[in-house]
Amino acid sequence: MPKISNKGIKMPESPIRKLVPYAEEAHKSGKTVYYLNIGQPDIKTPAVALDAVKTHSLDILAYSRSEGSEAYRVKIANYYKRNEIEVSHNDIIVTTGGSEALLFAFGSIMDEDDEIIIPEPFYANYNGFSTASSVNVVPVISKIENNFALPPIEEFEKLITPKTKAILICNPGNPTGYLYSKAEIKQLAAIVKKHDLFLIADEVYREFVYDGVEHYSILQEPGLEAHAIIIDSVSKRYSMCGARIGYLVSKNKEFIKTALKFAQARLSPPTLAQIASEAALETPQSYFDDVKEEYVKRRNILIEELEKIEGVKVAKPNGAFYCIAELPVKNSDDFAKWLLQSFHYKNNTVMVAPAAGFYSTPGVGLNQIRIAYVLNEDSLRTSVEILKEALKVYKD
């Protein structure tokens with residue numbers, strides 16, 4: 001038979017989605033499965049976004065401009081200004097989700113076998129985007145012992161080679177929930193300017209920061225205009241994961257000009273989803289205040305209950321809606337499958353995301369899981385109780 005590409009063979013499976021068949025079998029067998037594995041909020045999408053699609057007056061569902069409609073980009077720029085990020089609509093390209101924004105960024109700044117430095121653990125699909133773009137991830141490990149803070153800047157310096165083109169961070173972080181401080185952003189800004197690199201920040205969880213701490217964007221940092229690229233998305237901000245609308249933002253005109261060619265090659269982002277996303281920008285602040293309050297409650301319950309389980313270590317997140325927990329098991333991938341295939345507590349079980357898939361260093365994170373606290377408070381308490389009972393009887 002014809003041969004599959006080496007790139008295709010190397011493409012990693014999603015640690016978040018690869019266990020879905022096991023969960024489906026558990027459900028078919030009559031078990032109730034609590035899904036802690038995926039960042040799909042149960043928060044309602046703002047009505048203003050859904051209503052905009054229901055009441056549109058289009059006669060033809062036509063292409064939009066490749067960079068997204070001008071009216072929408074103007075409103076996005078105004079959103080950023082409200083968040084003390086000064087950009088114009090010409091600094092923005094609307095993409096089909098944050099995923100496409102990352103692929104466009106990688107394609108615009110890196111050639112085959114170039115390198116990108118990423119603090120790990122990181123969003124698992126960064127591995128996939130890198131493989132698809134034929135570039136190499138160079139990891140710098142952050143540790144659960146210090147809550148996954150930015151590794152010492154000297155560790156980044158050691159890894160920079162002539163092939164290094166960028167540093168990528170997620171702020172706040174998926175899967176750790178860590179929020180980089182202003183001081184840490186300034187450290188990264190200094191090193192990318194020193195070595196003439198790009199700094200890419202995935203800021204899709206910008207709204208979800210807790211405990212009175214403020215988010216500091218890389219585009220708020222003076223002097224970083226030529227280096228900074230923001231990846232953004234409506235998916236989590238407005239609980240619109242299915243809209244598949246994201247954007248690239250940069251004041252580097254040459255970068256935007258290059259990324260636009262990738263956007264033109266795929267023609268345009270989806271028109272109806274742009275209508276919904278443009279309307280979502282009218283969402284009142286009270287919506288975000290309520291959502292943040294809900295996530296803080298969930299986070300506190302999750303952390304408090306996990307810390308009661310003997311042998312479990314957990315990092316407290318101050319952003320996004322994820323945490324990493326270290327379990328008294330050898331291999332969390334095997335444990336996650338066992339939970340779905342062989343275990344139930346009161347006919348309930350849980351689905352978690354094994355954390356090894358959020359690293360690129362082999363053998364790291366094998367005993368960790370990522371938990372998304374996107375369930376209501378009662379479901380979270382039940383889920384942790386199931387984990388506690390499972391760990392009592394699980395044998396490696």
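1. In this predicted model, Lys308 is exposed, with a relative accessible area of 58%. Its salt-bridge partner is Glu305, and the closest N and O atoms of the two are 3.1 Å apart.

2. A second pair joins Lys297 and Glu293, whose closest N and O atoms are 4.0 Å apart. Both residues belong to helix α11, which covers residues 285-306, and they sit four residues apart, about one turn of the helix. Lys297 is partly exposed at 38% relative accessibility, and Glu293 is also partly exposed, with a relative accessible area of 48%.

3. The salt bridge between Glu207 and Arg237 brings the closest N and O atoms to 2.5 Å. This pair links distant parts of the chain, 30 residues apart, with Glu207 in the loop between β6 and β7 and Arg237 in the loop between β7 and β8. Glu207 counts as buried at 14% relative accessibility, and Arg237 is buried as well, with a relative accessible area of 1%.

4. Glu207 and Arg237 also take part in a network of salt bridges that includes Glu203, Arg206 and Asp232. For the structure as a whole, the number of salt bridges is 26.

5. Leaving aside residues up to four places away in sequence, Ile153 touches Gln187, Leu188 and Ile191. The C-alpha atoms of Ile153 and Val140, which are 13 residues apart along the chain, are separated by 9.9 Å.

Notes: Residues numbered from 1 in each chain as written. Predicted model: local features only at pLDDT ≥ 70, side-chain atom pairs only at ≥ 80, totals over all residues. Heavy atoms only, no water. Contact = heavy atoms within 4.5 Å. Salt bridge = Lys/Arg side-chain N within 4 Å of Asp/Glu carboxyl O. Helix = DSSP H or I, 4+ residues; strand = E, 2+ residues; numbered from the N terminus. Buried < 20%, exposed > 50% of the residue type's maximum accessible area, 1.4 Å probe, protein only.
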